Amino acid sequence: MASLQLRKVDKRYGDTHVIHAVDLDVRDGEFMVFVGPSGCGKSTLLRMIAGLESASAGDIVIDGINVNRISAAQRGLAMVFQSYALYPHMTVYQNLAFGLENIGTARAEIDAKVDTAARLLQLEPLLARRPTQLSGGQRQRVAIGRAIVRNPKVFLFDEPLSNLDAELRVQMRMELTALHRRLRTTMIYVTHDQVEAMTMADRIVVLRGGRVEQVGTPLDLYNRPDNRFVAGFIGSPQMNFLRGNVGANAGGAATLTLDAAPDVHFSLTVDAGSTARPIVVGVRPEHAVIGPADDAAIRLEATVERVEQLGATTYSYCTLGNGERLTVQSAGQTSSAPGHAMPIAIAHAHVHVFDAETGRSLRTHTS
């Protein structure tokens, strides 16, 4: 196992600046996930950690050792790619053993390491097969096994499940988290899928435009996003965002209004300064409750446009008076139907407030 630190790590390709002064601490034995939209720099950052790309500035430190000038092969890391990259003419056993044979490992040690990896990944019945005789999930397990036999300090995963179908992705997520619990080795995992990030990570790093937007546990990011981008990226369905305004604030509770319901005033403690300004109010779909509520900060009237009945959950896609959209998530099955008007109540504790210009959260104590 190993800890990892990034200190002001930058990456430029000519005039293109893709990673901006990233500072990050990955704890020994932690499962950390880099998540963000396509092009945010998460794979580039992973490749710099691996030594496949050089940093333009800053330091990469593994277990207290600066590895900027240490080759990828000497860093003690193992990387699993989106592509399985298995040798088609070799058996599973040969694929697992190949890297060890190349560095002159003794046959008895190779056998022992391959046997351990095969047992961990339930590959024992498949050792004599070739990749063409395996399912996608089995091939990915072989690729992971090839990393395990190297006994690395840190595992690096670059979107390893993106080529699998939905059912296999769920299965492999469970297998990878179980593997982490057994090995307790530091793992860094890159994905664009926030569901993978939420279900697998000890902590998540949210990236945008080569910058770290927020680092925290899955529920920290879900319940206390630092800004509108994180609030919208983490969570499915996405958080609702409604335009509004906050009145002048002397450091205590301020009066807020929504464009969708200008006659409705509600009071919250926000860090909005002393000047009235535009805001964006964020509400997660499960916190927009159909019907009245005694503790509601906001009461709205919405018209149902579309309903998705999933059995255990119902999604009602609504329109407010000013044309803004509101998604409502309800437990169980409801009688909502297109064209219905419904009252919506939102409790104080579940209201997020963001600066309309900067996107910064103005309410840091939401539950």
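The model is a predicted one, in which local features need pLDDT of at least 70, side-chain atom pairs count only at pLDDT 80 or more, and totals for chains, interfaces and linings use all residues. Residues are numbered from 1 along each chain as its sequence is written, and side-chain values use heavy atoms, with hydrogens and water left out.

**Helix H2**

Select residues 92–102, which form helix H2. Its buried residues are Val92, Asn95, Leu96, Ala97 and Leu100. Helices here are DSSP runs of H or I with at least four residues, strands are runs of E with at least two, and both are numbered from the N terminus. Continue to Gly104, which follows H2 and has a positive phi, near 75 degrees.

**Helices H4 and H5**

Next, display H4 (residues 136–148) together with H5 (residues 166–183): their axes come within 11 Å and cross at roughly 20 degrees. H4 is therefore roughly parallel to H5, a term for angles under 35 degrees. The axes are lines fitted to C-alpha atoms, for helices over the stretch in contact, and the angles run from 0 to 180 degrees between N-to-C directions. H4 passes H5 in a right-handed crossing, that is, the near helix is turned clockwise from the far one by less than a right angle.

To show the contact (heavy atoms within 4.5 Å), select Gly137, Gln140, Arg141, Ile144 and Ile148 on H4, and Leu168, Gln171, Met172, Glu175, Leu176, Leu179 and Leu183 on H5. These residues divide into seven nonpolar, three polar and two charged. In this scheme Ala, Val, Leu, Ile, Met, Phe, Trp, Tyr, Cys and Pro are nonpolar, Asp, Glu, Lys and Arg are charged, and the others, Gly among them, are polar.

**His287**

Move to the loop between strand S14 (277–283) and strand S15 (289–290), where His287 is found. His287 is buried, with a relative accessible area of 17%. Not counting residues up to four places away in sequence, His287 touches Ala345, Ile346 and His350. The side chains of His287 and His350 are joined by a polar contact of 3.5 Å; such a contact is a pair of N or O atoms within 3.5 Å, and within protein one must be able to donate a hydrogen and the other to accept it, while residues adjacent in sequence count only if both atoms are side-chain atoms.

**The whole protein**

Finally, zoom out: the protein has eight helices and 20 strands, and 50% of its 367 residues count as buried.

How values were computed:
Parallel < 35°, antiparallel > 145°, perpendicular 65-115°, else oblique. Buried < 20%, exposed > 50% of the residue type's maximum accessible area, 1.4 Å probe, protein only.
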